[in-house]
Amino acid sequence: MATAPFFSLPHSIKHLSDSGALSSVPPHYACRDPDAPSDVDPTLEGQIPTIDLSVLTEGDPARRSEMVRQLGRACEEWGFFVVVNHGVPETVREAMLAAAQGFFDLEEEEKAEHSGKHVMDPIRYGTSFNTKVEDVGYWRDYLKMVVHPAFHSPAKPLGFGEVLGQYAACTRVVGMELLRGIWESLELDEGYMNNALGLDACFQVCTVNLYPPCPQPELATGLPPHSDHGLLTLLRQNGVDGLQVKHGSKWVHVKPPPNSFLVNTGDHMEIVTNGRYKSVLHRAVINGRSTRMSIATVVAPSPDTVVEPVAQLVSSERPAMYRGVRYREYLEHQQGNKLREKSALDLLRVQ
């Protein structure tokens, strides 16, 4: 009886895709049912909230107050929104995409210098999500870099670190301005929240995701449904769509307007707000024509902060819904296991 040929995991999906040797998806990556009915609702695309950051930072008090209310509704009803007029120069955003592409275009041996052995390594290059524990593979390569409170960057390609430093600083400013509005929407004191979460030494990580063309995109996936660690994730992509977010029981295909950021709330926003603002499930779909690249920037509490529901949002009518957890420990657990919806957050729910 013939046996199936052994399939060894590739060093990268890009290398596998660029080889031109594939006419079908290797079985290890076939994780979707192509005959399953669509769960995407196209009528929801136009309902995604939009937040004008310039109104939060420069608007008159009445307009700013209204934008704070809209931001609160977006967090409560969607956990996801588009940010426009954010103040990050398009030259900085484009330079970051170009630098990221330059990294993925390096020889495999050069990229492999950053193949991390531990999920908390400050620079980590890899494929899928966590190949040590996964049953299936995801059609994705990634580069993860911790950029705050300590800054880490690959030495190659030349100039990468300078571009990353600018991008990280700009997105951190945007994230902090959004958090300021979010705390205000909940009538929480900004100074108190900054101290409680250690935001002066906030943890910030930039993850570049590369999703090369796939010969059978209906069978594979870029990333499965999951929520993010941290407070907020700011996403910039290269013009190729592929992000889908869950709203109610349906999924929404996101088509961002030019010069915008896509922002979603993370698990630690759900914890600290005692479930008022929930983290949103999202996933990455792939295509057979174009490479999609996205840059996800997570703004989070400082690594040693114990994150728990803030006292002002806990009452006898709404008791604490989550146990406190040190941010570093949560991150190690989530990144060290299979990526599966809200499995890490579910462990902290008070029964």
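These questions and answers walk through the sheets, helices and single residues of a predicted model.

Biologist: What is the strand order in the open sheet of 8 strands?
Modeller: This open sheet has mixed pairing. Its edge strands are strand 1 (50–52) and strand 3 (123–127), and each pairs on one side only. The twist averages 25° from one strand to the next. The order is 1-2-10-7-12-5-4-3.

Biologist: Which strands of the sheet does helix 3 touch?
Modeller: Helix 3 packs on this sheet. The direction of helix 3 makes about 150° with that of strand 1. The strands touched are strand 1, strand 2 (80–84) and strand 10 (261–265).

Biologist: How many bridges pair strand 4 with strand 5?
Modeller: Strand 4 covers residues 141–148, and its pairing with strand 5 is antiparallel. The number of bridges between strand 4 and strand 5 is 7.

Biologist: In strand 12, which residue is the bridge partner of Thr207?
Modeller: Strand 5 also pairs with strand 12 (residues 292–300). The sense is antiparallel, over 9 bridges. The partner of Thr207 in strand 12 is Ala296.

Biologist: Is strand 5 (residues 203–211) largely enclosed or largely open?
Modeller: Consider both faces of the strand. Phe203, Val205, Thr207, Asn209 and Tyr211 point one way, and all are buried. Gln204, Cys206, Val208 and Leu210 point the other way, and these are buried too. With 9 of the 9 residues buried, strand 5 is therefore largely enclosed.

Biologist: Are helix 3 and helix 6 roughly parallel or roughly perpendicular to each other?
Modeller: Two packed helices are described by the angle and the distance between their axes. The axes of helix 3 (residues 61–77) and helix 6 (residues 160–185) come within 8 Å and cross at roughly 85°. Angles from 65 to 115 degrees count as roughly perpendicular. The two helices are therefore roughly perpendicular.

Biologist: How many nonpolar residues are in the contact of helix 3 with helix 6?
Modeller: Helix 3 brings Arg64, Val68, Leu71, Gly72 and Cys75. Helix 6 meets them with Leu178, Arg180, Gly181, Ile182, Glu184 and Ser185. By class, 3 are polar and 3 are charged, and the nonpolar residues number 5.

Biologist: Which residue caps the N-terminal end of helix 7 (residues 190–197)?
Modeller: Find the backbone nitrogen of Gly191. A side-chain oxygen of the capping residue lies 3.2 Å from that nitrogen. Just after helix 7, Gly198 takes a positive phi of about 60°. The cap at the N-terminal end is Asp189.

Biologist: What is the strand order in the open sheet of 4 strands?
Modeller: The edge strands are strand 6 (223–226) and strand 9 (250–253). Strand 6 and strand 11 (residues 282–284) pair over 2 bridges, and the partner of Leu223 in strand 11 is Ala284. The twist averages 20° from one strand to the next. The pairing is antiparallel and the order is 6-11-8-9.

Biologist: What is the relative accessible area of Glu94?
Modeller: Glu94 is found in helix 4 (residues 90–104). The C-alpha atoms of Glu94 and Ala201 are separated by 27 Å. Glu94 is partly exposed, with a relative accessible area of 41%.

Note on methods: Residues are numbered from 1 along each chain as its sequence is written. This is a predicted model: local features need pLDDT of at least 70, side-chain atom pairs count only at pLDDT 80 or more; totals for chains, interfaces and linings use all residues. Side-chain values use heavy atoms; hydrogens and water are left out. Axes are lines fitted to C-alpha atoms, for helices over the stretch in contact, and angles run from 0 to 180 degrees between N-to-C directions. Angles under 35 degrees count as roughly parallel, over 145 as roughly antiparallel, 65 to 115 as roughly perpendicular and the rest as oblique. Contact means heavy atoms within 4.5 Å. Ala, Val, Leu, Ile, Met, Phe, Trp, Tyr, Cys and Pro count as nonpolar, Asp, Glu, Lys and Arg as charged, and the others, Gly among them, as polar. A polar contact is a pair of N or O atoms within 3.5 Å; within protein, one must be able to donate a hydrogen and the other to accept it, and residues adjacent in sequence count only if both atoms are side-chain atoms. Two strands pair if DSSP finds at least two bridges between them. Buried means under 20% relative accessible area, exposed over 50%, partly exposed in between (1.4 Å probe, protein chains only).
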